[in-house]
Amino acid sequence: MSEYKAKEEDLKIPDTMPMLPVRDVVIFPYMIIPLFVGRESSIKAVDEALAKDRIIFLSAQKNVEDEDPKPKEIYKTGTISMIMRMLKLPDGRVKILVQGLTRGKIKRYLSKSPYFKLRVEKCDEPQIPEITLEVEAMMRNIKEQLSEIVNLGSLVAPELLQIVDDMNDPGRLADLIISNIGMKVEDSQHVLEIVDPLNRLKMVGELLGKELEVMTMQAKIQSMAKDEMTKGQREYFLREQLKAIRQELGDTDELAQEVDELRGKIRAASMPEDTETEALKQLGRLERMHPDSSESSVLRTYVEWLAELPWSISTEDNLDIVAAKKVLDEDHYDLEKVKDRILEYLSVRKLTESKKGPILCFVGPPGVGKTSLGRSIARAMDRKFIRMSVGGMRDEAEIRGHRRTYVGALPGRIIQNIKQTGSNNPIIMLDEVDKIGSDFRGDPASALLEVLDPEQNNAFTDHYLAVPFDLSNVMFITTANMLDPIPSALRDRMEVLELSGYTEEEKMQIARRFLIPRQMTANGLKEEDIHISDPALGRIISQHTREAGLRNLEREIGSVCRKIARGLAEGRKKKTVVTAGNLSKFLGAAKFIPEAEREKNEVGVTTGLAWTQAGGEILYVESSLMKGKGGLTLTGKLGDVMKESGQAALSYTRANAERFGVDGSFFEDKEIHVHVPSGAIPKDGPSAGITMATSLVSSVTGIAVRKDVAMTGEITLRGKVLPIGGLKDKSLAAMRANIGTIIIPEQNVKDLEEIPAHLRKRMEFIPVSHVDEVLRAALVRDPFQSKVKKNLQKSASSQ
């Protein structure tokens, strides 16, 4: 460090000296200021001045950004200064403390390299002989203006006011004020170039007046803004200050850290380009928001949903066909049609690159294994499994989600479940799709049209996400008890696979393989604790349950296991064998006894077959004739379609009365009553048409109906028999009732292939196309022979 002190009277200012161009500041006489010198030419100029008389010329450059200013880029008027101190810094720069001595003006550049050396002309100020009133007024006005500026918040050193108050030299007063209030370089340079003290004082007064007006307006605006500032804005201001304080203290910014984590998740999620752009856009909005605002929490949740969805994460399918078949066979007995369809899909996946999943719909009675079959398919394919019940759903938002404008909005259950599994190709089972409702909140079935359409669901847009999500890799499986309630547009998008009820033999096999071992495990029993004989199991199936599925059967087996478990807990160690003889000790009396009323052939009593959501059922139709006015009464809580079938059956009977040997006037004084027992149970459908017709013809002709024959089919007024549905379930119901012959419409012969071969061998199926064929097969004798007898009697009497 070098330092120099000199008295003012010892100074001798040369006419040639080095020049140091300065940036962003104007040096005035008597001004002491530190400067950092970094340019090589400037450092050489400082060294030259220190080597001689420490005098250096300081002038501001016009362009602050210029690293190598030319002479025309440097103001000609500057300040002749003295270097008071010099300190060399470790980074190569030099720090100097300079004091302005007097104004000077560049006359000529002597050299420009390696530093500026020039000839300078000293600018002598004119002397003021006395301080007039005008000058005094100007000086007071400037001092007051400076005081007001300081009061308005200008960053001025407090001691400046005291120095200014004691100063009576107009020129030095002007220089002192202009050098301390932070004016623009152009304005300060303009003041420096004015040599006359009074003119300089006037210019400073004008500049202070403008600055005072600006600061007054700024204070007014700040005051107005402060009055209008809400509580939330004030909190924001304070929190921003707190944020700055924490940063200074080194504390972590939780919001910034959270935003960085979310940005990393978004980058790692491999979203589609448009989706990633939207996510980053919303993240940017979140970053600019106040962390405690309500909208911030909504936006944070939305971005988290986007970041955490499995956009590109999928499980790898198990394409080993043999292994998949083994898994399906382990979990389910029979159901070959469904298993074949799954194996076909896996085979196609193995041979092609397409990952689109089929839309399957399992239709069948309760308890036949629709839901458990979905789980087995997921296990066979090594996919995640989601079961989603849509029964009773009435709000469309359950499928599509809520818009983010609603309080507590969330995505629909489809997107929620996909996020939960962490895979974009799970198996999603939509249970009870035939029981979807609708009301003022929308129609969920219509919303499912997009979800279950392979051509549309690759860009499924949830209302909450508002960006498309690809569902084409998802394998959708729906379940239903009936197809009729499903809207046709929705049904058209699904591949329907019907799961009919099980035969008694199939139930025996399923109980041995699955139900009994499962209940033994559930109740803590071992092989040496229990044995259920085949006759006992058959009696449980036939006399304690009557269903198409297996739920009640498993309950009854569970009841037997629980009673045996209680005995073991009480200390009995002997193995329990359940037989047909002791079954009542475990389950009580039989719940379903074979129908006793059909032990003989009866007139007017016919056995029909019906289909319900629980499978097939037998349906008895009774008819009676009595004196009356020729009306028809239908009872048994029948639906409109079934009542119409009764009317059609009566019309056919009356139209063909003479063919049965009955006088046409027979019905004029007869009241006909048709009743279907179990009157508390609603019944409907057209398939009881031939059953009612047979009952009526039996009552009219007096010919009994065979007790071992059941029938199903729709009737027309001309006597034609139309096809029906649910033939397998109806056949199983007939088998459970020990009925060996079934009359079916001829057009349903193709459906016999769905009935197991062993069942077709045990039963006789009679296909018919006309009611005449039904009557000949169902009545104990041909009803048309009575007409032949009457005609023979007529011809004999005429001869």
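A residue is called buried when its relative accessible area is under 20%, exposed when it is over 50%, and partly exposed in between, using a 1.4 Å probe and protein chains only. With a relative accessible area of 13%, A777 is therefore buried. Before going further, please note that this is a predicted model, in which local features need pLDDT of at least 70 and side-chain atom pairs count only at pLDDT 80 or more, while totals for chains, interfaces and linings use all residues. Residues are numbered from 1 along each chain as its sequence is written, and side-chain values use heavy atoms, with hydrogens and water left out.

Helices (H or I, at least four residues) and strands (E, at least two) are DSSP runs, numbered from the N terminus. A777 belongs to helix 26 (residues 771-778). Contact here means heavy atoms within 4.5 Å. Leaving aside neighbours within four places in sequence, A777 is in contact with R706, V709, I743 and I766.

A49 sits in helix 1 (residues 40-51). Its relative accessibility is 1%, so A49 counts as buried. If residues up to four places away in sequence are not counted, A49 touches P18, R54, I55, I56 and I83. The C-alpha atoms of A49 and M17 are separated by 7.4 Å, although the two residues are 32 residues apart along the chain.

D431 is part of strand 10 (residues 427-431). How buried is D431? Its relative accessible area is 3%, so D431 is buried. Not counting residues up to four places away in sequence, D431 touches T371, R387, M388, S389, V390, G391 and T479.

**Helix 2, face by face**

The expected span of a helix is 1.5 Å times one less than its number of residues. Helix 2 (residues 133-151) has 19 residues and should therefore span 27 Å, which agrees with the 27 Å between its end C-alpha atoms. Which residues of helix 2 are buried? They are V135, M138, M139, I142, K143, Q145, L146 and I149. Seen down the axis of helix 2, these buried residues fall within an arc of 160°, so they line one face of the helix; the arc is that of the directions from the helix axis to the C-beta atoms. The face turned away from the buried side of helix 2 carries the exposed residues L133, R140, E144 and N151. After helix 2 comes G153, with a positive phi near 110°.

**Helix 11 and its two partners**

Two packed helices are described by the angle between their axes and the distance between the axes. Axes are lines fitted to C-alpha atoms, for helices over the stretch in contact, and angles run from 0 to 180 degrees between N-to-C directions.

| Helix pair | Angle | Axis distance |
|---|---|---|
| Helix 11 (residues 321-331) and helix 12 (residues 336-351) | about 155° | 10 Å apart |
| Helix 11 and helix 13 (residues 370-381) | roughly 150° | within 8 Å |

Helix 11 is roughly antiparallel to helix 13, where angles under 35 degrees count as roughly parallel, over 145 as roughly antiparallel, 65 to 115 as roughly perpendicular and the rest as oblique. This contact is made by A324, V327, L328, E330 and D331 of helix 11 and S376, I377, R379 and A380 of helix 13.

Helix 11 and helix 12 are also roughly antiparallel to each other. Here I321, A324, K325, L328 and D329 of helix 11 meet K339, I342, L343, L346 and S347 of helix 12.
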